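User: I am new to this structure and would like to learn how to read it. Could you walk me through a few features, one at a time?

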Amino acid sequence: MANQPVFILPEGTERYSKRDALRMNITAAKVLAGIVRTTLGPKGMDKMLVNSLGDVTVTNDGATIMREMEINQPAARMLVETAKKQEDIVGDGTTSVVVIAGELLSKAEELLDDGIATSVVVKGFRNATAKAVELLKDIAIDADDKDTLKKVAVTAMSGKGSDYAKEHLAELVVEAALRIEEDGKSEIDNINIQRVSGDSVEDSFLAEGIVIDKAPLSKNMPKDVKDAKIAIVKYPIELKDINTEAKIDITSPDQFEAFLNQEEQMIKDLVNKVLDSGANVLFCQKGIDDMAEHYLKKAGIMAYKRVKKSDIERISKATGAKLVTDIEDLSEEKLGVAGHVYLDKLFDHELTFIEECENPKASSIVLRGSTRYVTEQISRAIDDALGVVAATIEEGKVLIGGGACEIDLVKQLRDYGESVSGREQLAILKFAEALEVIPRTLIENAGLDTINLIADLKAAHEESKFIGINVFTGEVVDMKDAGVIEPLRVKIQALQSAGEACEMILRIDDMIAARNALNSTGPDESGNDASGMPPMPPAPGMGGGMPPMM
């Protein structure tokens with residue numbers, strides 16, 4: 001019995017220990033970084049994603065690519081979550097964060113192969129990240145005018161399918177963000193993008209107020225209301241369903257008629273609540289039944305039902321209307337005001353415009369495009385631009401793009417690394433080397449000479465920290481003069497997130513997974529699983545469970 005193996009996990013459980021687990025996770029992260037790396041920069045390529053229903057998405061937006069891919073490998077999934085957080089917090093930089101994390105892990109693997117302990121690598125990377133953030137704040141410049149905001153928006157949209165109209169779209173983005181600015185912040189959730197296919201992108205415009213993708217309940221209702229008094233309610237203008245267990249005994253036609261009359265009176269009372277408040281436009285988040293529709297139409301009220309919660313919130317921000325959850329509470333004081341509410345048709349879309357609002361804190365961009373795929377792609381570019389413009393308004397600081405700030409970081413981090421003693425110095429120098437991946441990738445994606453341009457870039461930085469790569473001409477130029485500008489917050493968040501994700505993966509020395517948990521999607525024709533991640537190798541000597549405990 002002394003040599004009897006003891007299994008503490010179910011049969012089929014997979015376990016990968018120490019270097020096996022680490023190599024597997026690093027490989028998965030590098031594969032994911034390789035997938036999105038080709039999309040980086042103005043010359044980045046697009047990915048076509050087809051889901052299980054056959055829906056096609058064409059994009060080079062990192063967040064969209066990773067969201068649509070069914071990634072199964074745990075470490076790769078951690079990087080996907082990191083990218084999603086980057087998108088949620090600052091609105092852009094999702095590709096950069098994954099590419100940097102992948103390169104950091106690649107450099108960490110080199111250090112581990114040289115016999116450097118994981119704890120030393122982690123500490124060195126952590127200190128390098130903190131120093132890099134400090135250096136970025138030092139080299140940042142002020143963003144103090146509208147022109148700078150426009151340059152930030154143009155940079156964010158470059159290479160995302162909107163290059164031929166990015167100047168016009170950037171103007172719309174900046175105007176929309178500044179219109180809703182309050183106390184140094186711009187809540188971009190209050191800006192909605194209405195996509196309308198069937199025209200040129202140059203025909204996109206910023207609405208004077210709010211636009212919702214909805215038409216009134218009835219074609220016979222008013223379609224153009226001046227001096228609108230707007231009510232927004234979260235209360236159904238309809239009769240509540242009778243409980244299925246309830247019974248109503250009707251023994252004569254008179255009783256049945258009285259019952260119907262009572263129902264009709266209840267509907268009339270609900271409509272009268274709207275009329276008594278003085279409202280002439282009604283937006284209801286719940287349903288409105290046919291009888292209520294008839295009375296609202298008869299009263300000349302422009303009414304909408306099942307309006308989205310997000311649209312309700314924007315209407316409230318724009319018009320000052322208060323959301324009413326109980327129809328009994330509806331009064332004149334709860335109404336919003338707009339000078340003009342009207343229905344208009346763009347191509348085959350019926351849209352309602354709510355304009356001439358006093359000091360609106362919500363806005364709408366109407367995005368035109370030749371096809372649905374075009375408007376979807378450019379909508380994502382505008383989302384990124386809105387995010388970076390809002391971050392710049394709040395932070396007030398920007399960095400020079402085109403690889404300029406990364407090369408400056410490399411130079412200063414190497415100086416910092418030389419001042420640190422011990423093996424930690426090696427980790428800091430590798431961290432600095434890893435940051436070269438951004439300018440290198442920009443050059444590679446543009447099809448230019450990487451070695452010579454990186455050498456020219458480093459030499460030019462001895463004279464000016466604003467020198468970067470013009471991927472269109474293949475020259476090193478002053479990126480500040482070229483107007484290639486990125487928000488400080490986006491770059492800092494990308495570095496911190498990549499550093500934290502790298503540290504988390506490096507600290508994993510054991511993977512224990514239930515049967516088929518790591519390869520549940522199965523291999524495709526190339527031998528990879530359906531997510532694009534490499535299949536998990538068999539764990540040598542592990543069998544179907546934990547190793548024997550002697």
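Analyst: Happy to! This is a predicted model. Let us begin where a helix begins: at the start of α15, a side-chain oxygen of Asp449 comes to within 3.4 Å of the backbone nitrogen of Ile451.

User: Which residues of helix α15 are buried?

Analyst: A residue is called buried when its relative accessible area is under 20%. In α15, which spans residues 450–460, the buried ones are Thr450, Leu453, Ile454, Leu457 and Ala460. Looking down the axis of α15, these buried residues fall within an arc of 130 degrees, so they line one face of the helix.

User: And what covers the buried residues of α15?

Analyst: The cover includes α12 (404–418) and α14, together with the strands β16 and β17 (475–478).

User: Now a single residue, please. Is His340 buried or exposed?

Analyst: The cut-off for buried is under 20% relative accessible area. His340 has 13%, so it is buried. His340 sits in strand β12, residues 336–346.

User: What does the side chain of His340 make a polar contact with?

Analyst: Its partner is the side chain of Asp224, at 2.7 Å. Leaving aside residues up to four places away in sequence, His340 touches Asp224, Val225 and Lys226, and also Phe353, Ile354, Glu355 and Glu356.

User: Let us turn to pockets. What is the volume of the largest pocket, and which residues lie nearest its centre?

Analyst: Its volume is about 840 Å³. The lining has 44 residues, and Pro42, Thr155, Ala156, Ser158 and Glu486 lie nearest the centre.

User: Which element gives the largest share of that lining?

Analyst: That is α6, with 7 residues of the lining of the largest pocket. Elements that each supply at least two residues include α4 (94–113), α6 (146–157), α7 (166–179) and α17 (488–506). By type, the lining of the largest pocket has 18 nonpolar, 15 polar and 11 charged residues.

User: How should I read the second largest pocket?

Analyst: In the same way: volume, then lining, then residue types. The second largest pocket has a volume of about 640 Å³. It is lined by 25 residues, with Glu87, Asp88, Ile188, Asp189 and Gly387 nearest its centre. The helices α2 (62–68), α3 (74–90) and α11 (372–395) each supply at least two lining residues, and α11 gives the most, with 8.

User: How many residues of that lining are charged?

Analyst: The lining of the second largest pocket has 13 charged residues, alongside 8 nonpolar and 4 polar.

Methods. Residues numbered from 1 in each chain as written. Predicted model: local features only at pLDDT ≥ 70, side-chain atom pairs only at ≥ 80, totals over all residues. Heavy atoms only, no water. 1 Å grid on protein atoms, 1.4 Å probe; cavity = no way out; pocket = protein on both sides within 12 Å on 5 of 7 lines; lining within 4 Å. Points joined across faces, edges and corners; volume = space filled by probe spheres on them. Helix = DSSP H or I, 4+ residues; strand = E, 2+ residues; numbered from the N terminus. Nonpolar A, V, L, I, M, F, W, Y, C, P; charged D, E, K, R; others polar. Buried < 20%, exposed > 50% of the residue type's maximum accessible area, 1.4 Å probe, protein only. Arc of directions from axis to C-beta. Contact = heavy atoms within 4.5 Å. Polar contact = N/O pair within 3.5 Å; in protein donor to acceptor, adjacent residues only side chain to side chain.
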